[in-house]
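I opened the model to look up its sheets, its domains, its core and the contact between its chains. My notes follow in the order in which I went through them.

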2 protein chains.
Amino acid sequence: MSGKHTIGIDLGGTNVKAGVLDAAGKLIHRTAIETQAGRGFDHVFGRLVRLVDELVAGAGLHKTDIAGIGFGTPGPMSHAEGIIYGAPNLPGWVNIPLRSRFSAATGLPVTLENDANAAAYGEFVAGAGRGTSDMVLLTLGTGIGGGIVMGGRLQRGKFDNAAEIGHTIVVANGRACPCGQRGCLERYSSANAVAERLAEALQDGEQSALRELVERGRKVTSVDVARAAKEGDALAARIWDEACLFLAIACVNIQHMVNPELILFTGGLIGAGAQLLEPVKSHFERQVWRISRDVPRIAFATLGDDAGLIGAAALARLEHGGLQYASPAGQSNASR
Amino acid sequence: MSGKHTIGIDLGGTNVKAGVLDAAGKLIHRTAIETQAGRGFDHVFGRLVRLVDELVAGAGLHKTDIAGIGFGTPGPMSHAEGIIYGAPNLPGWVNIPLRSRFSAATGLPVTLENDANAAAYGEFVAGAGRGTSDMVLLTLGTGIGGGIVMGGRLQRGKFDNAAEIGHTIVVANGRACPCGQRGCLERYSSANAVAERLAEALQDGEQSALRELVERGRKVTSVDVARAAKEGDALAARIWDEACLFLAIACVNIQHMVNPELILFTGGLIGAGAQLLEPVKSHFERQVWRISRDVPRIAFATLGDDAGLIGAAALARLEHGGLQYASPAGQSNASR
């Protein structure tokens with residue numbers, strides 16, 4: 001271990017968000033650059049290596065002040081092996097041993113993590129999950145991802161694919177999912193699914209105020225559906241409510257599988273605010289059992305876009321040293 | 001810590017199974033007594049205290065050889081608090097601080113654990129899960145319970161209710177469950193549910209060879225349904241297949257939530273053998289995603305009735321000392 005600071009990098013298909021955390025886990029410097037993913041692996045890799053130098057300089061530090069780099073990445077990857085198997089929005093990023101290559105290029109220890117796991121860990125150490133020991137984050141965007149903290153530890157499962165909650169099945173033989181399954185949660189409750197279900201219903205001849213919008217050639221978004229539902233459109237209201245119902249059922253299933261004290265939502269869909277949170281909570285209260293008071297709180301995450309880079313940096317700190325986060329819950333658990 | 005041996009007790013409404021494990025985790029002595037639950041808490045408690053003395057003597061040991069007692073108990077309880085909140089089949093066992101009371105009565109450290117968690121941990125350290133780091137056990141009996149091991153550790157969740165997999169919802173607004181929910185897994189795939197669904201279908205006028213049996217005044221059991229399904233009875237076959245389908249969907253959901261390498265079944269329903277395991281596996285293969293090879297093996301547990309007491313004793317060893325189990329997977333994980 002050379003330093004007490006850590007760097008967090010949240011690699012996306014469009015942008016890279018990155019920052020430097022001090023020994024207390026505080027984000028002291030942050031930046032964002034375009035990924036320029038279309039220009040291929042070598043180009044992006046070079047940008048990321050230079051980004052590390054810029055972050056260190058921007059924070060007024062030297063490389064020797066940095067204990068490690070945490071990397072949140074999209075798509076199938078292995079934390080244990082340090083490999084990115086592929087990323088739909090990053091052409092050429094196939095079977096890349098990113099941990100060893102980025103470590104060699106920067107001279108710093110590197111930790112790879114699934115981006116939703118990193119975001120969950122970020123909320124756990126520094127966001128809405130601070131002070132808990134058992135929490136789950138759901139990312140409600142194009143798809144639905146997640147991250148699970150149990151007993152104060154990020155839980156990855158055997159194949160580093162735990163918390164793929166968007167692909168838990170909520171309707172047996174339900175809507176087909178590109179993953180090959182049917183009835184996945186993300187086919188009902190993701191931003192994409194909400195928009196698609198409305199477009200499909202219009203094609204089936206159902207009535208909605210949004211038909212006019214489609215006839216003008218505009219693609220329906222989840223924001224349109226939420227707005228139309230609010231304005232009393234029956235079709236939009238039904239689809240929105242079903243999205244909330246299946247999210248509530250997913251929360252019941254998380255409760256009985258993981259038994260967390262807190263379930264957090266983040267991602268584009270939470271822009272709907274109370275129009276999302278209130279019906280999910282009310283469906284949850286109607287759906288969940290009465291025989292135990294082991295009910296998690298359901299709330300929105302608070303770190304927004306910073307969650308991934310903060311969580312990645314915190315995970316790098318866990319593995320590569322520097323001070324630990326002082327989480328009372330985590331400490332009591334570690335001493336068990 | 002006084003000794004190297006541990007005692008495991010699996011407390012049931014009808015029988016108590018108990019045994020002594022040596023320092024290597026080997027079961028060197030076992031016994032079973034009637035619970036005599038109907039005679040109330042004090043009576044049963046006294047029997048259990050005497051049982052400890054008999055176990056120690058029966059194994060040719062002294063109390064000073066015992067590092068601790070692990071207690072697997074049914075019904076709502078708290079491992080952290082050491083309290084049994086209630087147990088449907090144990091009249092009078094309400095809000096009992098069993099850990100402190102049993103420890104005071106026996107002079108030995110005591111660990112309380114949910115019985116399904118104890119069984120899962122038993123299979124993990126000494127049964128079909130030996131050598132894994134991430135596994136899930138499902139107990140398929142009157143109801144459906146479970147236990148989750150992730151990263152080599154039993155995972156209890158915040159409220160000690162993790163792995164209540166029988167109450168994950170597999171059918172939105174489905175069959176009513178005594179727990180207050182609708183569509184719980186155990187309303188489709190437990191031994192009770194299979195028998196009940198057939199009885200209900202007969203009442204609804206559906207045809208089945210089992211009607212004759214009911215008309216002779218016999219209650220249909222899951223064994224009857226399995227046998228009739230095997231003999232070509234269409235109604236029994238449909239109900240049995242649906243039980244297997246929903247178990248398979250639960251396995252998909254476990255895969256995406258917990259991402260274990262192994263899912264084990266135990267309990268009465270596994271008496272059906274391949275007639276249960278093969279359709280569950282085949283439904284699972286049809287239901288599960290294609291985009292990652294993170295697929296758990298699905299198999300039967302191997303310790304039978306001993307799993308609970310072995311797991312309880314192993315958990316007592318974890319908390320109260322003695323040698324640790326040498327699980328290669330657990331070790332590598334602990335060093336992360």
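I count two strands as paired if DSSP finds at least two bridges between them; strands (E, at least two residues) and helices (H or I, at least four) are DSSP runs, numbered from the N terminus. The model is predicted, and local features need pLDDT of at least 70, side-chain atom pairs count only at pLDDT 80 or more, and totals for chains, interfaces and linings use all residues. Residues are numbered from 1 along each chain as its sequence is written, and chains are lettered from A and ligands numbered from 1 in the order in which they are written.

**Sheet in chain A.** I looked up an open sheet of 5 strands with mixed pairing, in the order β10-β9-β8-β11-β12 (chain A). Its edge strands, each pairing on one side only, are β10 (153–154) and β12 (297–300) of chain A. Strand β11 (residues 262–266) of chain A runs parallel to β12(A), joined by 4 bridges. Ile263(A) has Ile298(A) as its bridge partner in β12(A).

**Domains.** For chain A, the assignment (bounds from an automatic or database source) lists domain 1 (5–114) and domain 2 (130–300). I noted 29 Å between the C-alpha centres of domain 1 of chain A and domain 2 of chain A.

**Strand β7 of chain B.** Is this strand enclosed or open? I call a residue buried if 20 or more other C-beta atoms, placed from the backbone, lie within 10 Å of its own. In β7 (residues 110–114) of chain B, 5 of the 5 residues are buried, so the strand is largely enclosed by the rest of the structure. On one side the buried residues are Val110(B), Leu112(B) and Asn114(B), and on the other Thr111(B) and Glu113(B). Strand β4 (residues 66–73) of chain B runs parallel to β7(B) with 5 bridges, and Gly72(B) stands opposite Glu113(B).

**Core.** A nonpolar core is a set of buried Ala, Val, Leu, Ile, Met, Phe, Trp, Tyr and Cys residues joined through C-beta atoms within 7 Å. The largest has 212 residues, and those with the most contacts inside it are Ile9(A), Val225(A), Ile9(B) and Val225(B).

**Chain contact.** I take residues as in contact if their C-beta atoms, placed from the backbone, lie within 7 Å. Chain A and chain B each give 41 residues to the contact. Helix α8 (residues 234–258) of chain B supplies the largest share of its side, 7 residues.

Notes
Contact = placed C-beta atoms within 7 Å. Buried ≥ 20, exposed ≤ 12 C-beta atoms within 10 Å, placed from the backbone.
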